[in-house]
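These are my notebook entries on a structure I went through element by element. The sequence and model are placed here for reference.

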Amino acid sequence: MTYVTSLKCREADCGRMYPIEPSHICEYCFGKLEVDYDYEAIRASVSRETIEGRPPTMWRYREFLPIDGEPTVGVQVGFTPFIRARNLERALGHSEVYVKNDAVNYPTLSFKDRVVSVALSKAREFGFDTVACATTGNLGNSLAAQSIQAGLQCFVFMPADLERGKVVGTAVYGVNVVAISGSYDGVNRLCSEIADRHDWAFVNINIRPYYAEGSKTYGFEILEQLGWQAPQHIVVPMAGGSLVTKVDKAVREFVTAGLVEDAGTRIHGAQATGCNPISAALKAGEEIFTPVKPDTIARSIAIGNPADGYYAIEAIRRTGGWAEDATDEEIVQGMKLLAETEGLFTETAGGVTVAVTKKLIEQGRIPPDESVVISITGHGLKTQEVLDGRLREWPVIEAKMDEFDALLEELTPAVYAGR
Ligand SMILES: *Cc1c(COP(=O)(O)O)cnc(C)c1O
Ligand SMILES: [Zn+2]
């Protein structure tokens, strides 16, 4: 049973419909295509109770996902932890902060497990035997792992100089890895050409409309885990700008389906200052972004020419949100702040989100008494090198009690004197 009606052009003044096929661009206006649903039928058939009665995975929202039959790939993905971050609240001088933690998503520790799960379930319905992607790191990790689980041939195209954790985290699965010199934007251009020649499912190119729908489940989980309520603010990291638009779509869909009340949720976007085409456009009051050449430690979100940048700007504006960016130094401070307050280790993209949330609170754009959810989308073990030389130093001693006694006296003189 599916509630999907068509693919639909996202351009407001076009809106042409297309059949459910592996395609992503409107032939008339070159707008991006998006999956559309019969929301009246969904509203009539889902309730909080039916959803709560299902297993704790992203597939509990299956009426809102573009699969005809049962999902066949990534059936255990999602329903990651959602916490009230009381220590972080104190550090930020704010009264209600939550963290949605996809750093522990299954199986590859980032939110990309959601999009890949939908993309590969759909690729199988379409009858593809080979899947591929252009990646900044996490997508490759997830596509490689889940293609093995799905029994599909897999090609991952990535910039040659990605972090070691991201490269190893793809190559370990034994899939076809192609490293390309230069930035992600060149990788993506090449992949568009390859997609024209080969009958492969490029998850973030020709089957992108289906893939992108998986991101909505990140938003759905926030709303359910907050007790079927929409928060007043959500801060989302932006690479191609898809996740931020899908978190917005998730909120609108749950309001339309009668599952949550409209709380006027403001969607805010976070980028690195070294790759900020979307936040720069918003700050300059532009509707169109100018592509940039990325130069940031936040490699997973370093996309200089974001495919959904235009729609990201539209969603942020329409909801009354804002966008900010964080320097490399602020990114590292953001990673450390989350670790030292909440005991959560996020990658550079999470450092961006924490740092940007701090800025938005300081700027008064997120008032101290309005609920805010911080989107943590990937795990810190994948980007360890940015912390080299940036952590509190630890001593090295011989395995001798007197050396430890001396050390303890040095570390905690007051406590030691009292013994
Ligand atoms: C891919 C990615 C994002 C953002 O993705 P979009 O392209 O904007 O949908 C955010 N965080 C992490 C860790 C990612 O890997
Ligand atoms: Zn169109």
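**Entry 1: helices 5 and 6**

I looked up the packing of helix 5 (residues 138-150) against helix 6 (residues 164-171) in this predicted model. Their axes lie 8 Å apart and the packing angle is about 15 degrees. I take axes as lines fitted to C-alpha atoms, for helices over the stretch in contact, with angles running from 0 to 180 degrees between N-to-C directions. Helices and strands are DSSP runs numbered from the N terminus (helices H or I, at least four residues; strands E, at least two). The angle makes helix 5 roughly parallel to helix 6; angles under 35 degrees count as roughly parallel, over 145 as roughly antiparallel, 65 to 115 as roughly perpendicular and the rest as oblique. Helix 5 passes helix 6 in a left-handed crossing, that is, the near helix is turned anticlockwise from the far one by less than a right angle, whereas clockwise would be right-handed. On the helix 5 side I noted Asn138, Gly140, Asn141 and Ala144, which meet Lys166, Gly169 and Thr170 of helix 6. Contact here means heavy atoms within 4.5 Å.

**Entry 2: conventions**

I recorded that residues are numbered from 1 along each chain as its sequence is written, and that chains are lettered from A and ligands numbered from 1 in the order in which they are written. For this predicted model, local features need pLDDT of at least 70, side-chain atom pairs count only at pLDDT 80 or more, and totals for chains, interfaces and linings use all residues, while side-chain values use heavy atoms, with hydrogens and water left out.

**Entry 3: helices 10 and 12**

I next examined helix 10 (residues 242-256) and helix 12 (residues 309-318), whose axes come within 8 Å and cross at roughly 45 degrees. Helix 10 is therefore oblique to helix 12. The crossing of helix 10 past helix 12 is left-handed. Helix 10 contributes Val244, Thr245, Asp248 and Arg252 to the contact, and helix 12 contributes Tyr311, Ala312, Ala315, Ile316 and Arg318.

I then followed the chain to Ala257, in the loop between helix 10 and strand 11 (266-272). Ala257 counts as buried, because its relative accessibility is 6%; buried means under 20% relative accessible area, exposed over 50% and partly exposed in between (1.4 Å probe, protein chains only). Neighbours within four places in sequence aside, Ala257 is in contact with Arg43 and Phe64.

**Entry 4: helices 13 and 14**

Helix 13 (residues 328-342) packs on helix 14 at about 90 degrees, with the axes 7 Å apart. I therefore logged helix 13 as roughly perpendicular to helix 14. From helix 13, Glu330, Ile331, Gly334, Met335, Leu337 and Leu338 meet a set in helix 14 that includes Thr348, Gly351 and Lys359.

Which residues does Val356 touch? Val356 sits in helix 14 (residues 348-362) and is buried, with a relative accessible area of 0%. Not counting residues up to four places away in sequence, Val356 touches Val235, Gly269, Ala270, Gln271, Glu324, Asp325 and Ala326.

Cys26 is buried at 0% relative accessibility, whereas Cys29 is partly exposed at 32%.

**Entry 5: backbone details**

Phe30 lies in the loop between strand 2 (17-18) and strand 3. Its phi is near 65 degrees, a positive value in a residue other than glycine, and Phe30 is exposed, with a relative accessible area of 64%.

I found a cis peptide bond joining Tyr106 and Pro107, with omega about 5 degrees. Pro107 is in the loop between strand 5 (97-101) and helix 4 (112-126). Leu109 is also found in the loop between strand 5 and helix 4; its phi is near 65 degrees, and Leu109 counts as partly exposed at 30% relative accessibility.
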